[in-house]
Amino acid sequence: MSVFMDLNLVHSPDQSRLQRLVETAAHLGFSTVAINYVFEPTAKKKQIPSPMPIKDLIPELPIVQGRSRPIRVLNRLTVVMSDSSHFRPTAAEYRGFDLLAVQPTTEKLFHAACMICDVDIICISVTEKLPFFFKRAPVNGAIERGVAFEVSYAAAIRDSTRRRYTIANATALMESCRGKNVILSSAAETPLELRGPYDITNLGVLFGLSDGDSKEAVSSTCRSVVLHAETRKTASGIIYTVQVPEAPPCRAPEDTGEAPAAKRAKPGAVIDS
Amino acid sequence: MVRVKSRYLLCEINVTDRSRLLLLDDRAVAAAVRASVARMHGDYGAALCSIRFSVKYLNAHTGIVFLRFPKKCYRLLWSALPFITCIENRGQKIPCFLNCLHVGGTIRTCQKFLIRYNTQQLHRMLPKCKNEEEKHEIQKAILNCTLTKRNKEAFEDEFGSDKEDDSDDDNDEEEEEEEE
């Protein structure tokens, strides 16, 4: 059995609803979920949302179905791009998020998002007819860089017209990317909009993915997206800087003993900043 | 003799309010599945769904259903299941969704899987017990699961580490086990 992930749970200010969402996701067997903050620069609220620490949001993480580990929760920011100035790669606000996604609205911006922008996920619009074609060149460029395309299915569950748009846009995407680097996620607002991992795998067949690709779309591609996000934050995943809280010197040796050996070995050096 | 092959889908009906599960019956579930297939795949899907589709088993306490589909087209019919958002029974709408747990070739494999799954659920429930009595009852129920006798080590491993997030009645699960 592989590890399933759902990298899009829509953030809402209502904390109890988010908690129920995460609990349902754990019950269904997802071991990693991401809470999605959507940022539209053209909307009235101009500020980039700041992520809430997971500990405050969900005090006690539920145990994943079929495993003995608690669920892992990440933060994710989606920038809706309607102008090239909307995505500022150096913005300090982006650093608080684990995952970074863009949703381009024109062909030029789609090209830029695929080739230049330093992001992890490119969202495909599922609520409207596609305003542009997916050309092979930018799509191939994105696949080479390890950027994934996201299709979310909650809109398809809600009503019939959006279901048509979702299936149409997804099939158009699969034609140009041939099922590589696609992730399927929920974009669920309520717990009843989530679906089990096996159902999503079968849903992928409806979107034009092959059996193997649609299984990868909920498991291993998601994992590579999360790893890609880590390399964005660190220097190619080799050097990683962590803020060490000022600890009293007597406790220091105990802390190093607690660090898991597997995590220590991988990064070449841990530099305190 | 060649036997007619089918696929059995073991699905779990997830609702927000567990007490509403008792309103369900198999005819309502079958109608919901048929309506969803007809909505998604039109007349073609409805025709395929009318051949050998049936709801084989429904446990209203735990929300478990067995659906039988012809083997040839079960993937097509399965792809309509995620679009079920509510089941209507006797004028009452029950908002819910189906979560497929297992696909089997015979009912027997599905039953084996279900017993294992329910044992797992009991293990997840154990740390949530409020008093000793409940804990004792669940432990007894776990030991009663006969078809797949778990060895003692596995029991010790999961003891205390797993958790159940549904706040349903313990008695329901126990009845379920005894029925098996």
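**Chain B against chain A: interface, pocket and cavity**

Mentor: In this predicted model, 29 residues of chain B are in contact (heavy atoms within 4.5 Å) with 29 residues of chain A. Local features need pLDDT of at least 70 and side-chain atom pairs count only at pLDDT 80 or more, while totals for chains, interfaces and linings use all residues. Residues are numbered from 1 along each chain, chains are lettered from A, and side-chain values use heavy atoms, without hydrogens and water.

Trainee: Why is the pair A:Asp211 and B:Arg75 called a salt bridge?

Mentor: The term requires a side-chain nitrogen of Lys or Arg within 4 Å of a carboxyl oxygen of Asp or Glu. The closest N and O atoms of A:Asp211 and B:Arg75 are 3.2 Å apart, so the pair meets the cut-off. The count between the two chains is 1 salt bridge.

Trainee: Which elements make up the side of chain B that touches chain A?

Mentor: Those giving two or more residues are β1 (6-14), α1 (26-49), α2 (74-78), β6 (97-104) and α3 (107-125) of chain B. Helices (H or I, at least four residues) and strands (E, at least two) are DSSP runs, numbered from the N terminus. The largest share, 5 residues, comes from β6(B).

Trainee: What is the buried area between the chains?

Mentor: About 2,500 Å², with carbon and sulfur atoms giving 54%. Buried area is the accessible area (1.4 Å probe) that two parts lose on being put together, summed over both, so the value covers both chains.

Trainee: What makes a space a cavity and not a pocket?

Mentor: On a 1 Å grid over the protein atoms alone, a cavity is a set of points where a 1.4 Å probe fits but cannot get out; a pocket is an open set with protein on both sides within 12 Å along at least five of seven lines. The structure holds 2 cavities of 30 Å³ or more. The second largest cavity has about 60 Å³ of space, and the second largest pocket a volume of about 490 Å³.

Trainee: Which residues line that cavity?

Mentor: Among them are A:Pro104, A:Cys123, A:Glu128 and A:Phe134; lining residues have an atom within 4 Å of a point.

Note on methods
Grid points are joined across faces, edges and corners, and a volume is the space filled by probe spheres set on the points.
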